[in-house]
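Hello,

Here is the structure I promised to pass on.

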Amino acid sequence: MYKKNKSLAYIICGIFIIVSIIGVTLALTKHNTRPKLIMASTAFVFTALTAFIENRSKYGLFVLIGLIFCWLGDFSGHYNFRASVASFALAHVSFISAF
């Protein structure tokens with residue numbers, strides 16, 4: 001059971017990395033600084049996910065969910081401001097729930 005969940009987590013990490021690569025590629029074609037933001041956000045999510053895999057806790061889950069919403073906000077911020085604001089608001093709710 002644990003091995004199956006661990007595999008699923010690594011698949012999710014792979015999806016985040018692929019979407020980030022696509023986002024960086026799109027951002028580089030427009031010559032802006034978004035690639036650094038997307039790479040940093042992806043690194044935060046990946047770090048939280050690997051930490052959550054090793055030590056499952058309610059706190060870690062809420063922090064991971066919050067970081068995923070932050071990642072979505074960073075990724076969508078350039079294209080849709082309202083979606084970005086909503087994503088960051090949900091991230092803050094998740095971080096408050098963690099503490």
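Below is what I found, from the whole chain down to single residues.

Please keep in mind that this is a predicted model.

The overall fold comes first. The protein has four helices and zero strands. Along the sequence, the pattern reads α-α-α-α. The protein has 99 residues, and 32% of them count as buried. Its accessible surface is about 6,500 Å². Carbon and sulfur atoms account for 74% of that surface. I also looked at contacts between residues at least 6 apart in sequence. Of these, 60% join residues at least 24 apart.

Next, helix H3. This helix covers residues 58-76, so 19 residues by the DSSP run. From first C-alpha to last, H3 reaches 27 Å. That is close to the 27 Å expected at 1.5 Å a residue. Several H3 residues are buried. Among them are the glycines Gly60, Gly66 and Gly73. Val63, Leu64 and Leu67 are buried too. The list also includes Cys70, Trp71, Asp74 and Ser76.

Now the surface. Leu8, Ile11, Ile12 and Ile15 form a nonpolar patch there. Together they have about 360 Å² of accessible area. Ile12 lies in helix H1, which spans residues 2-29.

Over to you.

Best wishes

Conventions: Residues are numbered from 1 along each chain as its sequence is written. This is a predicted model: local features need pLDDT of at least 70, side-chain atom pairs count only at pLDDT 80 or more; totals for chains, interfaces and linings use all residues. Side-chain values use heavy atoms; hydrogens and water are left out. Helices (H or I, at least four residues) and strands (E, at least two) are DSSP runs, numbered from the N terminus. Buried means under 20% relative accessible area, exposed over 50%, partly exposed in between (1.4 Å probe, protein chains only). Contact means heavy atoms within 4.5 Å. Accessible areas come from the Shrake-Rupley method with a 1.4 Å probe; for residues, only the protein chains shown count as cover. The expected span of a helix is 1.5 Å times one less than its number of residues. Patches are made of residues with over 30% relative accessible area and no salt bridge: like charges are joined within 9 Å, nonpolar side chains (Val, Leu, Ile, Met, Phe, Trp, Tyr) within 5 Å. A salt bridge is a side-chain nitrogen of Lys or Arg within 4 Å of a carboxyl oxygen of Asp or Glu.
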